[in-house]
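Hi there,

Here is the structure I promised to pass on. Have a look at it first, and my notes follow below.

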Amino acid sequence: AACSSGGSTTPDTPPSASAGGLEKTKIKVATLPAIDSAAIYVAIDQKLFEKEGLDVTPQIVQAAPEAIPMLLKGEIDAMFGNYVSMFAAHDKGALKLRILAEGSRAAPDSLSIMALPGSPIKTAKDLEGKTVNVNVLHNFQELALSQVLKANNVDPTKIKYVPVTFQNIMPSWKGGQIDAAYLGEPMVTAATSSMGARKIIDPASGPAAEFPISGYVSTQEWYDKNPKVAAAFQRAIHNAAKLMENNREVVAKVLPNFTQIDAATAATVTFPYFSSNDNPVRLQRVADWMLEAKWLNKSIDVKTLMSATTSG
Amino acid sequence: MLEIDNLSHVYGGGSPNAHHAIDGLNLSVAEGELLCIVGPSGCGKSTLLRSIAGLITPTGGEIKIAGNVVRQTPDNLAVVFQDYSRSLFPWMSVADNVALPLRRKNMDKSQRREAAHEALESVGLSGAARKYPFQLSGGMQQRVAIARALAYRPALMLMDEPFGSVDAQTREDLEDLVLKVRGHHQMTIVLITHDIDESVYVGDRVVVLSKAPANVVGDLKVDLPGPRDQITTREHSDFVHLRAEVGRLVRGHATV
Amino acid sequence: MLEIDNLSHVYGGGSPNAHHAIDGLNLSVAEGELLCIVGPSGCGKSTLLRSIAGLITPTGGEIKIAGNVVRQTPDNLAVVFQDYSRSLFPWMSVADNVALPLRRKNMDKSQRREAAHEALESVGLSGAARKYPFQLSGGMQQRVAIARALAYRPALMLMDEPFGSVDAQTREDLEDLVLKVRGHHQMTIVLITHDIDESVYVGDRVVVLSKAPANVVGDLKVDLPGPRDQITTREHSDFVHLRAEVGRLVRGHATV
Amino acid sequence: MRTTALRWLVLVVLVLLWEAATTLAASTFFPAPSVIVARMHAMWFSGPPGTLFLTDAAIGDILPSLGRMAAGYAGGALTGVLLGLALGLSARVYDYLDGVLQFLRAIPPPALITVFVVVFGFGLRMQLAFIMFSIVWPVLLNTADGARSVEPLHLQTCQVFRLSRGERLMKVILPSALPKVFAGLRLALSLSLIVMVFSELLPGTTNGIGFQLTYAYSTFDLPAMWAGIVLLGVLGYLLNELFLVVERRVLAWHHAAQQLVG
Amino acid sequence: MSAQTLSRPRPATSATRWSRRAAGALAFAALIELLSRTGLADPAFLPPASEIIGRAAALAFDPAFQAHAVTSLLAWTIGLGVAAAIAVPLGLLLGSVPIIDAATRSVVEFLRPIPSVALIPLVALVIGTGLQLRVTLVVYAALWPILYNTMYGLRGVDPVAKESLRAYGFGPLAVLLRVSLPSSAPFITTGIRLAAGVALILTVSTEIVAGRGEGIGVFIFFAGIAVPARMTDILAGVFWVGLFGVAVNALLVAVERRAFRWHHARLGETR
Ligand SMILES: Nc1ncnc2c1ncn2[C@@H]1O[C@H](COP(=O)(O)OP(=O)(O)OP(=O)(O)O)[C@@H](O)[C@H]1O
Ligand SMILES: Nc1ncnc2c1ncn2[C@@H]1O[C@H](COP(=O)(O)OP(=O)(O)OP(=O)(O)O)[C@@H](O)[C@H]1O
Ligand SMILES: [Mg+2]
Ligand SMILES: [Mg+2]
């Protein structure tokens, strides 16, 4: 079994040619079965980790909070998680967070508040007093939408959020249990094409444009022991993101490996932005909004959790 | 009243250890008659009784009660089971145990209660009415089972060794009680007993069964004069004679 | 062997319907003696027996077996329960039921089996060894319980109406069997019965209990000549005399 | 009296051990019981005397949960007893339903949530259906077992005295099955607390102990999550004590008859 | 007349019994088919039974699904076995020594209503997330039905039977093992049947929430996050779980009928 100190599941193997002095070469990373996780799969597919001398095994988990015990127990080295959850965990002392590399940011139209064709909801203002689904309460979806609504003169406290799991959004929406649906890709595309749903507002616009959603994180403890692995990992992710920036094909190719998105859909969906560098400033926004919403007890200086970008 | 025609019963039919309990038995009981059945242990007496009560379906032959073939339990019948302690309901008081069947009799609650108390009194258990069966001795439980059957006033009463667990004095009293009730309420009674004296004392007729498979090996009419009496009847020469006769028949077919 | 000193038992002590079953009873049984206990139904005989077996703790007085106060079940004791059908284990064959207690006797499997078969044979049930209790008639079940106790060869044997459910012939055979086994294996036996003839026939001594709360109202030594015999003994004048005596004592305390 | 003292002693010792272990381990995931209790007090039991010291959060979470649980339990238990009796008594009903029921019994409710949403919609109806569907099985199986193993001589006695169907059921079969039914009911009781929590994870739920508990975990408020766990434990304990009081009354004859052995 | 129907009728032939079961199952399938085909329930979310069964049949030959099934069944088997191995002896102890029952009751009753979902992260943190996580949660949930049926079963043992063995000088342990255990065995088995279902549910549910890599629950989870959700796949997976439940139950019933023939024969259920 893994020991909690190092998180290494196998004894270090001699580094390959370019792996100059990595603390370990085999690492396990928890990922989510969503488009946002694509960078790590592209890095594997394009042998970017191999170039850094890393052997990365992805481990799909159902939800990010599930991976935290694994991280703490050393079953995995790093994980892909959304910042809101990660900052909350850090704030509550559940783990000492270290951000290894930024992952995804919301791109225009990759998230959307939508209404069915016959719905009376036409504008953002109509959302007041209405029921909207979220994946989990008090997460990035609410955080971003609140800012956007405020900017559009809508009172965000008048929205009634109900948690609805991914799979049940469509039946609840059709059944009238929710008035407007808060969707992410590939559901936005599917709802538009198959149900004729209308976009009411893009929650990742205005103040929340390019809102950072998820990143690759680890514990501070692990980072302190494996700084070189961390740097190599970051480089590979950033390089993958660069590749993905203007090449949809590399992304579309890997999607069926870890999501339930087939090649046809993959060709049409809107991808989020994949970050090819780390930027504490835009991430600080998330922490500050969380503090404003009283989701954090104290402010977090995001800079201290991140390392300088070494790729380039 | 009761006609048994060529009755047979096989337990576990088909299996290698099938047991032939009754084999082609014929018997008839007249209305109002008190028939005693004696026979060796395990010969098939209880099986016969259960067949009459419609609790088991005999594998052969036919039983008719008042001209109707028994296919299910006939109306207006009461049974005192050999395994009396198991036939009482442990979650009911003694009085409730006795009163329960009376629901079939269109009696209201107070009538039922009264009838139950009367029956319990007649078997010497008026003091135990509010106890639960497990708080009674074996003999007392047996008397509760008798009281239940008596309170019901059935047209046909089947009793399987009903007095086996009570002392001699109580037994005699119960014998007389059965005779009295029978006289008052025009019942037909089939009573299984191992006590030969008893069979002659209470019976109008004594049927002796052979060892398994059961069949009739003796059928004696008991023609004793006048109302029976524990002392004079038992001293009567016919009684002594009949008793010896039954004894001989039973012993001819003993099991040990 | 057995000393009972000022024994009392109250059921449900403290509650308003407490029942005083035994009240200050004194009794002693010599080694090798066969004591018969008779008494009215519900007087407390089974309670006395269960106290001796250490199955209930009497609320007053003391019982000593071979000088030791009974606090839990004494060694080398066997009981034939009045409620024999419930004392057999339904999940075991008849032979296994009989063999089970022999595990306490340092016997290996084949010895146990043999002893069980022998005991079953002696009660006339060798054919039923592989059946299950529910496949037997009442009398056969009772004989299994007797066989179980006999096979155990206890120093002290307690029997609660052990022959109540068998026919007359079998009953006599079983009485003789008990006498024979007692003679061979030096047992002390306490036997409860409602059959007054039986008590005199098998007993070395007959104790008559009063109605509840139980106490000794008669204690008769049975001094009949020679080995007992069903015909000659029962014709002996002392037998007839003793029987009448016991009968009088019992009847003086009848319950109905 | 002595057993009550003993029970408390055991409880106190275990809580002290728990306190010591968690203090030593100093893990955020395992807060000490003192911390948890303080949190429970702050969250739920520091309200005004007018509401029996319950806070708004308590009124908003605990009461709806208990209501759901009670309604679901009542419905599930009743269904279980009725179906169980039908199954135990009639070979025909048993044959027809056995396959389907055994099938349904093995189905993991989380996989069926979409079907529940479609059939029942959000809210109380779905939650109650969910609770009932989950707790009905122990009651049903145990009742069927009880109804099938009624002493044969009792049934024969009924038959001989020609008791009506209803009389047999109410006077004989039910009382005789009752000890086993109670085993099922007792299992179902704590199960109803568990599935109450599950039902509050269903789409559309916005209050309840289960909702509070999962929300606490999703925001890594571990003392609050533990407060929920402990509250469930305490509720389970209290409900069980209540249950035992009822059971002792209803099954008095049974307990007494079993104490034949001195 | 009508009174007769409540007594035990002669057992129907096994052909009749199986055809009745099949009729019941068909009726159930027809109901779902109808709900779906008539549009009473949106067929996108509740596909017709014929489709579900067809898909389930296809899955049986899909090696990936087979691997999922084997993983789940392994966790189930181990979990149920461990639960029974713990619960029966524990039930015997608690059921026969009232003082221990009384002393531990507060703890046991406190633990019982804690839902396994709440435990997942905590257990994962302590023992990890592999097979051991599923097995632990399965054991935790499957324990109770066996434990309680054992305890309640012991209470129903005929006291005269216990006295009989005691009279021959057997100690409490011997009485427990030789009388109380066999006598309550049928009811304990009912507890195990209950637990088998609970264990199956827990295995798959845990996989849905926190399965790693393989298991029917993981299969169901992935079918659920597809857009649109592959309801036919989900329900085909559920169908296999349910079918497995039926099979396990039938097996346990058959074993029980053999092992406790005395019980059923006494009750007059078989000849
Ligand atoms: N359920 C059963 N299965 C198999 N055999 C049985 C069953 N019930 C009774 N028998 C057998 O049938 C025979 C007759 O049994 P029955 O109970 O009728 O005897 P009985 O005449 O009443 O005896 P007793 O005087 O001892 O009560 C016995 O040999 C018994 O072993
Ligand atoms: N568990 C109990 N609780 C309360 N009272 C009881 C209990 N057991 C027996 N009794 C009472 O104690 C008295 C004596 O019972 P016991 O069984 O000793 O009688 P017995 O002499 O064996 O009678 P029988 O000849 O009828 O078997 C009875 O009046 C009975 O009601
Ligand atoms: Mg008989
Ligand atoms: Mg007695």
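Let me start with the contact between two of the chains: 85 residues from chain D and 77 residues from chain E take part, where contact means heavy atoms within 4.5 Å. Please keep in mind that this is a predicted model, in which local features need pLDDT of at least 70 and side-chain atom pairs count only at pLDDT 80 or more, while totals for chains, interfaces and linings use all residues. Residues are numbered from 1 along each chain as its sequence is written, chains are lettered from A and ligands numbered from 1 in the order in which they are written, and side-chain values use heavy atoms, with hydrogens and water left out.

Chain D and chain E bury about 7,300 Å² between them, 68% of it on carbon and sulfur atoms (buried area is the accessible area, with a 1.4 Å probe, that two parts lose on being put together, summed over both). Six salt bridges are found across this interface, a salt bridge being a side-chain nitrogen of Lys or Arg within 4 Å of a carboxyl oxygen of Asp or Glu. Glu109(E) also forms a salt bridge with Arg186(D), with the closest N and O atoms 2.9 Å apart.

Then there is the magnesium ion (ligand 3), coordinated by Ser46(B) through OG and Gln82(B) through OE1, at 1.9 to 2.2 Å. Donors here are N, O and S atoms within 2.8 Å of the metal (3.2 Å for Na, K and Ca); water is not among the atoms, so sites may look incomplete.

Happy browsing!
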